[in-house]
Amino acid sequence: MSWFKRLKEGIQTATRNKKEAPEGLWYKCDRCKETSTAKELRENFHKCPKCNYHTRIGSDDYFEIIFDAEYQLLHEELKSKDALSFEDVKSYPQRLEEAYKKNSVSDAITVALGNIDDNKLVIACMDFSFIGGSMGSVVGERISRAIDSAIASQCPLLIISKSGGARMMESAYSLMQMAKTSAKLTLLARAGYPFFSLMTDPTTGGVTASFAMLGDINMAEPECLIGFAGPRVIKETIKRELPEGFQTAEFLLEKGFLDFIVDRKNLKETMRDLLVLFAKS
Amino acid sequence: MIFLEFEKPLASLYEQLEKLKEIGEAGDIDVSSQISVFEEKISEKRKEIYSNLSGWERVQLSRHPERPYTLFYTNKMCDQFIELHGDRHFQDDKAIVGGLATFNGQTVVIIGHQKGINTKMRQYRNFGMANPEGYRKALRLMKLAERFNFPVITLIDTPGAFPGIEAEERGQAEAIARNLFEMAQLRVPIICVIIGEGASGGAIGIGLGDRVFMLENTWYSVISPESCSSILWRSWDYKEQAADALKLTADNMFSAGLIDGIIKEPIGGAHSNPDEMAELLKAKIIETLAEIQPKDPEVRILERIEKYSKMGVYDEVFDVPEPVETAASKKSSKKK
């Protein structure tokens, strides 16, 4: 007599759902579990060709999608520093070292200046793979300098957010980046250049509660998670299940916090249109 | 009297003192000299304990159930205080209070987190955790202050902005972000004081100002020590270590250049002598207003933005990158 009784006969997992696809050639969708070739995925703007799931991509991919020909990386000189000698189960320098090894980017945000047609644009784009896209001093300073660059280049700014929130290892320095980035954005507004905010999966915590929500235009990729508190924290606080679709881009659009949702394949066109519209003021 | 864990040595001394007093009241023996010896001992012990508090002990002090909250200070520091309610959009938040006050002969707007003084009131105040309408009420009052040229004083004491379903639906993140954006460019002086807990976005949501101070036994951090322990150590048991690692005390924050000053508390903490605490706070605010109020609003705003722009620590390594070509441009150059 076994402890668990199988009520339904014949429950089986299809082989394609069981086995991990080999790296490089194949992509197995996290959501629909369907398999496509890596090439198909890439040509479909890194969206699942079967279910349109927008996979998490890096800043270089976004620059590639949005900018025309070439672009110039800016403010790469800034490097994270362990000012507080922070140590939990690992030390902060150790975590940074691992992040450098794992990534081609030099911190959780990369800034670049490029063009769409004749219009210049500064993009600051976050990378989730770098310590969860967490906001530390370098992220704050790069945004601050990206704002300076936009003003100096007389062009709009796009920030693409993708972050778990604050970088705890920088404690209050990290918290103050919320104030810093928001305060600096007032200077961009004063100078008369628009700020576009694109939220992607996931955008949470201090990033949402500062620059991400302050766009003159707030956009998001389909179905991405956007919130202040993470779903787990909310569930633990209120002690009940969260409603279906809670904290998705569609949910925020419905509640009035987004201007629109943009599919990644239309991202460049959308940015082109916005630049043209705002250039006519 | 409520004693915290690290105050236990005081508790036994107080117990003995009470017994002595009882004997004294019975009248047969003169114990006055012994009483004064004990009082001396207590005050020395207290000084000893309080001269060397750890981060976690200060976190406990900041949460002391007898600690004075915003409405205590408004009553003590101001000749008049009229509480103003509501954000004009959704409802009145009970965790953030605000209103017009007569302070040192002038009208000011005071806004602060409010915690409850007993179980029922703590629930009513949602433990000092505001919803978006709390931040929006705060902004409404700041805009009112701006129109009539009243300085703004904010008192911060929150375990965090409330993480609930409705808070997310009504845009907790947007409300905090909007406050940061507007406070950065508010034309009147803003003075912020952490009077208890300064937890993350919930604190900074009313905490951007020309001058930010912390009372001596308070903390200010990007996350509470408990949550930090649960995320980084994956257990709730490392809150003491987390409190140390986060460098969250007033001393830490001042030496990091992230706050502008520390306001001393009476020995034994703000709760041991709330009236004295209110006087110390009032004196600091008067002194600070005298310094920043005469400035030209435009200068004050730019100095404020400049102050926050400088916050952060990083290295600078110069190594100018080459332009990067996109795939599209590579293709077109091949064609050529």
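This report walks through a predicted two-chain model, from chain B and its strands and helices to a cavity and a sheet that involve both chains.

Some ground rules: residues are numbered from 1 along each chain as its sequence is written, and chains are lettered from A and ligands numbered from 1 in the order in which they are written. Since the model is predicted, local features need pLDDT of at least 70 and side-chain atom pairs count only at pLDDT 80 or more, while totals for chains, interfaces and linings use all residues; side-chain values use heavy atoms, with hydrogens and water left out.

**Chain B overall**

Chain B has 15 helices and 10 strands, where helices (H or I, at least four residues) and strands (E, at least two) are DSSP runs numbered from the N terminus. Its C-alpha trace spans about 110 × 50 × 40 Å along the principal axes. Of its 336 residues, 55% count as buried (under 20% relative accessible area, with exposed over 50% and partly exposed in between, using a 1.4 Å probe and protein chains only). Take the contacts (heavy atoms within 4.5 Å) in chain B between residues at least 6 apart in sequence: 70% of them join residues at least 24 apart.

| Helix | Residues | Number of residues | First to last C-alpha | Expected span |
|---|---|---|---|---|
| α6(B) | 132-148 | 17 residues | 25 Å | 24 Å |
| α8(B) | 172-184 | 13 residues | 19 Å | 18 Å |

In α8(B), 12 of the 13 residues are buried, so the helix is largely enclosed by the rest of the structure. Among those buried residues are Q172(B), E174(B), N179(B), F181(B) and E182(B). In α6(B), the buried residues include P132(B), Y135(B), K137(B), L141(B) and M142(B). The buried residues of α6(B) pack against β2, β3, β4 (152-158), α7 (165-169), α8 and α9 (200-204) of chain B. After α6(B) comes N149(B), with a positive phi near 60°.

Strand β2(B) (residues 96-103) has six of its eight residues buried, so it is largely enclosed by the rest of the structure. On one hand β2(B) pairs with β1(B) (residues 80-83), antiparallel over four bridges; pairing requires that DSSP finds at least two bridges between the strands. On the other, β2(B) pairs with β3(B) (residues 106-113), antiparallel over eight bridges. G99(B) in β2(B) is the bridge partner of E83(B), and G99(B) also has I110(B) in β3(B) as a bridge partner. β2(B) and β3(B) form a hairpin with two residues between them, and N104(B) in the turn has a positive phi of about 50°.

**A sheet with strands from both chains**

An open sheet of eight strands runs β10(A)-β9(A)-β8(A)-β7(A)-β6(A)-β5(A)-β3(A)-β10(B), with mixed pairing. β10(A) (260-261) and β10(B) (324-325) stand at the edges with a single partner strand each, so one side of each is left without a neighbour in the sheet.

Within this sheet, β8(A) (residues 195-203) and β9(A) (residues 217-220) pair in the parallel sense over four bridges, and S197(A) has N218(A) in β9(A) as its bridge partner. β5(A) (residues 109-116) has six of its eight residues buried, so it is largely enclosed by the rest of the structure. β3(A) (residues 70-74) and β5(A) run antiparallel, joined by three bridges, while β5(A) and β6(A) (residues 119-126) are antiparallel over eight bridges. V111(A) in β5(A) stands opposite L74(A), and V111(A) also stands opposite A124(A) in β6(A). β5(A) and β6(A) form a hairpin with two residues between them, and D117(A) in the turn has a positive phi of about 55°.

**A cavity and a buried lysine**

A cavity here is a set of points, on a 1 Å grid over the protein atoms alone, where a 1.4 Å probe fits but cannot get out, and lining residues have an atom within 4 Å of a point. The count comes to one cavity of 30 Å³ or more. The largest cavity has a volume of about 70 Å³, the volume being the space filled by probe spheres set on the points, which are joined across faces, edges and corners. Of the 14 lining residues, G227(A), L252(A), E168(B), G171(B) and A173(B) lie nearest its centre. α8(B) gives the largest share of the lining, three residues.

K180(A) sits in helix α6(A) (residues 171-191) and counts as buried, at 0% relative accessibility. Leaving aside neighbours within four places in sequence, K180(A) is in contact with G140(A), E141(A) and S144(A), plus Y308(B), S309(B) and M311(B).

Methods
Expected span 1.5 Å × (residues − 1). 1 Å grid on protein atoms, 1.4 Å probe; cavity = no way out; pocket = protein on both sides within 12 Å on 5 of 7 lines; lining within 4 Å.
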